[in-house]
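Here are some notes to read alongside the model. Take them one at a time, with the view open beside you.

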Amino acid sequence: MDRRGAVLVAPAVVAVLFVLGAGLGSAVLQSVGLIPLVGDPALQFTGYVGEREVLAAVGLSLLIASASTSVAALVGLSTALLLVGSGRGRRMLAALVTASIPVPHLVGAASVGLLLSDSGLMSRWLGVPAQAWPSLVAGAWPTAVIFEYAWKESAFVALVVSASLASRLPDYQETAALLGARPWARFRHVALPLATPALLAASAIAFVYTLGSYEVAWLLGAAYPEPLPVLSYRLFTSTDLTARPDAMAVAVMTTVIAGSVALTALALLRRTAAWR
Amino acid sequence: MRRVASLTAGIVLVSACAAPISGSSEETSDSWPEIRSKARGQTVSLWMWGGDPQGNAYVDDVLAPAARQAGVTLRRVPVADTKEALNRVLAEKQAGRSDGEVDLVWVNGDNFATGVQADAWRCGWSSALPNMRFTDPDDPLLTEDFGMQVDGCESPWHKAQFTLVYDSARITDPPGTMSEVLDWIEANPGRFTYPAPPDFTGSVFVRQLLYTVSGGHENVPATFDQETFDELTPALWQRLRDLAPSLWRNGRTYPRDSVALDRLFAEGQLDMTMTYGPATLTELVEEGTFPPSTRVLPLEEGTVGNASFLAIPATSADHAGAMLVANLALSPTQQRIKADPRVWGQFTVLDESRLSGRDKADFDRLPDSPVVPSYTVLARHANPELASAWVPALDEGWRRDVLAEVQ
Amino acid sequence: MTTPLRTVRRTLVLLLLVWFALPLAPLVLWASSDTWRGASPLPQEWGVQAFTASLGDGVTSALLGSLAIGVVVAALATPAGAMAARALRLGTLKRPRLVASLLLAPVALPPFAVVMGLDVVLLRLHVPAALGVVLVLTVAALPYTTYLMRAAYVAYDFDYEDEARTLGASDLAIWWRVRLPLLAPGIAGATFLAFLVGWSDYIVTLLVGGGRLVTLPILIASTASGTGSEPRVAALSIAALAPPTVALALAALLRHRLLSARPHTTGKPKAPSPVHAVTLPRGAT
């Protein structure tokens with residue numbers, strides 16, 4: 001019995017171990033200066049010593065990730081429930097969700113920028129002059145960044161949750177309705193528990209991904225402060241190659257934070273009874 | 001599971017631990033006919049910035065067929081930033097490979113300097129190119145790239161000039177010097193900004209301003225030294241901090257790159273923009289992205305200028321073919337076609353006094369761009385570029401002493 | 001459904017439609033604009049110049065390249081993830097929590113950090129570029145496929161398999177007639193997400209692949225790095241959206257067809273039981 005399980009996971013686990021090991025291992029080694037691009041290997045920890053920039057970056061990253069994931073979870077859940085049910089507009093909604101998922105974040109960010117910037121489509125259509133439009137893009141609050149992540153991740157959450165609900169929810173809801181449950185009770189006691197495992201998993205993946213992705217904040221965010229991946233990317237692409245270890249150090253820190261979140265999510269998932 | 005993990009760890013450590021193989025590039029001692037015959041049948045991968053459709057069309061439709069006639073297949077790999085090509089070269093270098101995927105890179109000063117820092121370029125080859133005889137051997141723009149000796153490690157391709165661009169419909173009385181530009185900014189708040197360093201264009205704007213604040217480029221030594229930096233930069237940061245409240249968004253944030261800056265200009269939120277590659281302006285006005293009243297703002301004291309080059313990585317497999325392509329790109333015919341604003345509009349690196357009579361006449365016959373003045377006009381009183389060591393110092397200083405301070 | 005509830009539902013649908021459509025609007029508008037100057041609400045001239053120009057940019061070969069990578073990654077990551085999910089669900093693994101964390105881990109890594117370190121290792125080991133790209137992207141897709149399949153397995157009732165086995169069905173018949181149909185929505189979703197990982201990848205294809213293959217994301221990113229590129233980028237993005245959208249629409253249609261062909265049940269809620277179709281005549285329950 002155990003053998004069969006091990007054989008089933010073997011391909012996935014071996015591949016992941018190799019890629020993660022090589023990638024993360026190299027990143028860590030580079031961050032402490034042991035595989036420098038220039039100069040001799042010398043152990044150094046300058047990248048890890050806390051700087052004002054890094055602390056601000058961590059705070060901003062967590063803000064963006066939690067805000068966008070919360071919105072995405074809410075919107076994605078509502079969308080999934082509507083998609084699984086019956087009714088008008090369902091097909092149109094399904095088409096739009098389907099069209100949103102394949103959009104790469106780079107394109108999505110460019111598009112949201114064109115939409116929400118001072119002289120973007122929204123301000124033009126609403127007739128608001130550019131100076132009066134609130135600073136959604138590159139403003140003090142990362143509004144446009146959060147909106148873009150929330151939009152894309154909500155489509156992803158909707159897909160995952162609706163895929164897990166599709167085969168079961170209609171029957172359970174029908175039975176509950178036959179037994180006299182009101183809509184709110186049906187939601188709280190049937191739909192929500194059924195959707196929770198998939199919702200949690202999708203939200204966790206979305207949160208962790210947002211923590212580590214840089215393109216959206218790069219295009220739509222303010223120049224200062226910048227979230228962790230943007231800081232890391234900027235240091236990484238610096239003309240001075242001796243900044244590489246610092247870039248890798250920030251990347252490793254990002255990974256540690258993201259990893260902790262992932263582990264916490266897994267622990268939470270295990271608590272939900274249906275997930276074993 | 002444990003065995004697999006330790007095996008993987010072993011492989012990783014063994015492969016990653018050794019220091020990068022240093023050592024350049026063997027000097028090429030082949031004669032040109034030998035190089036030409038070696039190049040036949042090779043495929044050269046040119047990694048170049050793909051954001052300019054005219055440039056892409058020139059390479060695909062003009063340079064590549066010309067290369068094919070010499071027996072070389074030229075393949076263009078579009079990148080969003082030359083740093084990506086550099087990353088690939090650096091990885092190949094660290095892995096000790098000599099059959100690399102990058103054969104030719106369109107580089108500019110700071111990327112070239114980064115490559116030199118890592119010993120990534122093949123050297124000593126560009127002086128052997130036959131078409132180098134059409135260039136002026138004493139031209140400082142060609143012998144030094146951002147203060148770094150070229151040393152035959154790259155062959156020149158275009159010349160460029162940092163240019164301010166303005167909308168003549170909104171600015172009827174344009175300023176004539178950089179100081180007047182700063183005064184204009186303060187008199188018209190919210191209508192000007194610059195990309196945040198380390199963006200290439202933002203970075204050169206800060207360097208240009210360093211010249212202004214220091215009273216001229218003669219007062220700033222080209223080579224970097226910490227003392228001069230500490231002496232000259234406080235005035236620069238102070239000026240930029242004082243300027244900030246008059247900038248777009250009160251100077252609390254800046255466009256991420258020149259594309260974002262140009263978008264603001266195109267939408268009419270700014271009255272000025274800037275570029276280090278004025279060749280693109282003609283097409284931008286032509287296709288309607290920029291308003292038809294867009295004009296170049298010449299400064300009396302001149303602006304920073306440089307040349308961009310083609311470099312061959314030390315890890316390249318098809319370096320003979322790459323040399324052939326570089327030589328082809330340097331030929332008077334190709335330089336002339338490339339300088340036509342209808343094709344690409346890039347300024348030539350050739351010295352017109354060394355061209356044959358017919359070539360010279362062909363150059364003279366090139367049409368003028370309605371937007372961009374000729375190179376002689378644009379490059380009048382051209383300022384030299386600073387050494388590349390200034391660049392990260394200034395970029396970091398800007399973030400620390402201007403951006404962080406004006407929040 | 002009561003009327004106020006219906007109104008709430010309809011408003012919600014409308015709001016969600018706007019939510020998903022808004023960020024797509026600029027793409028559609030810019031791709032269909034021939035001239036869009038200044039800050040006007042709509043383009044001055046409409047047309048398909050952006051699309052025809054993209055043909056010259058090499059969009060067809062880029063499309064094929066992206067398609068190839070997407071299909072290969074989907075073909076590798078979906079079975080691997082499905083098998084891993086099954087093993088986790090069976091509960092027979094020695095260290096299930098470690099395995100689960102490991103399979104979720106690739107999402108937590110910033111892509112460029114991994115790629116820079118990994119690139120050197122792969123080059124040292126002389127791993128062919130195509131293999132390297134496929135390996136890294138499959139690993140990147142594994143969290144999605146594993147978790148989607150795990151979610152699908154939560155709803156999966158192993159009793160159906162046992163029933164079919166006791167009734168004498170072969171392993172292959174069980175796999176084809178019981179497992180696949182019941183897991184179809186999950187498999188479809190997992191395949192789609194894995195395909196997307198390969199389809200929309202940029203950094204790995206460029207750096208690990210050594211620029212051998214110019215895919216759509218590479219084309220989009222390099223085009224977007226220039227000024228005035230909005231029409232071309234929009235046209236390329238729509239070209240990048242079309243195949244996956246069409247594929248998913250087809251898959252949804254197929255699923256709808258499959259699900260609507262199930263027998264009616266009364267009382268106890270039960271997922272469709274294809275096992276009956278395998279071994280027993282209808283209505284024998």
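**Notes for a new reader**

1. Let us start with Glu154(B), which lies in strand β6 (residues 154–161) of chain B; helices (H or I, at least four residues) and strands (E, at least two) are DSSP runs, numbered from the N terminus. Please bear in mind that this is a predicted model, in which local features need pLDDT of at least 70, side-chain atom pairs count only at pLDDT 80 or more, and totals for chains, interfaces and linings use all residues. Residues are numbered from 1 along each chain as its sequence is written, chains are lettered from A and ligands numbered from 1 in the order in which they are written, and side-chain values use heavy atoms, leaving out hydrogens and water.

2. Glu154(B) is buried yet has no salt bridge, and Lys159(B), its nearest side chain of opposite charge, is 13 Å away. Here buried means under 20% relative accessible area, exposed over 50%, and partly exposed in between (1.4 Å probe, protein chains only). A salt bridge is a side-chain nitrogen of Lys or Arg within 4 Å of a carboxyl oxygen of Asp or Glu; Lys and Arg count as positive and Asp and Glu as negative, while His and the chain ends are not counted. Leaving aside residues up to four places away in sequence, Glu154(B) touches several residues, including Phe112(B), Trp125(B) and Phe309(B) (contact means heavy atoms within 4.5 Å).

3. Which side chains meet Asp118(A) in a salt bridge? Asp118(A) pairs with Arg249(B) at 3.1 Å, N to O. The pair joins two chains, because Asp118(A) lies in the loop between α4 (105–116) and α5 (121–125) of chain A and Arg249(B) in the loop between α9 (226–243) and α10 (258–266) of chain B. Asp118(A) is buried, at a relative accessible area of 7%, and Arg249(B) is buried too, at 17%.

4. Within chain B, compare two further pairs. Arg88(B) and Glu92(B) form a salt bridge of 2.9 Å, N to O; both lie in helix α4 (residues 82–94), four residues apart, about one turn of the helix. Arg354(B) and Asp136(B) meet at 3.9 Å, N to O. This pair links distant parts of the chain, 218 residues apart. Arg354(B) is partly exposed, with a relative accessible area of 38%, and Asp136(B) is partly exposed at 24%.

5. Finally, look at chain A as a whole. Its secondary structure comes to eleven helices and zero strands. Of its 276 residues, 61% count as buried. Its C-alpha atoms fill a box of roughly 75 × 70 × 25 Å, taken along the principal axes.
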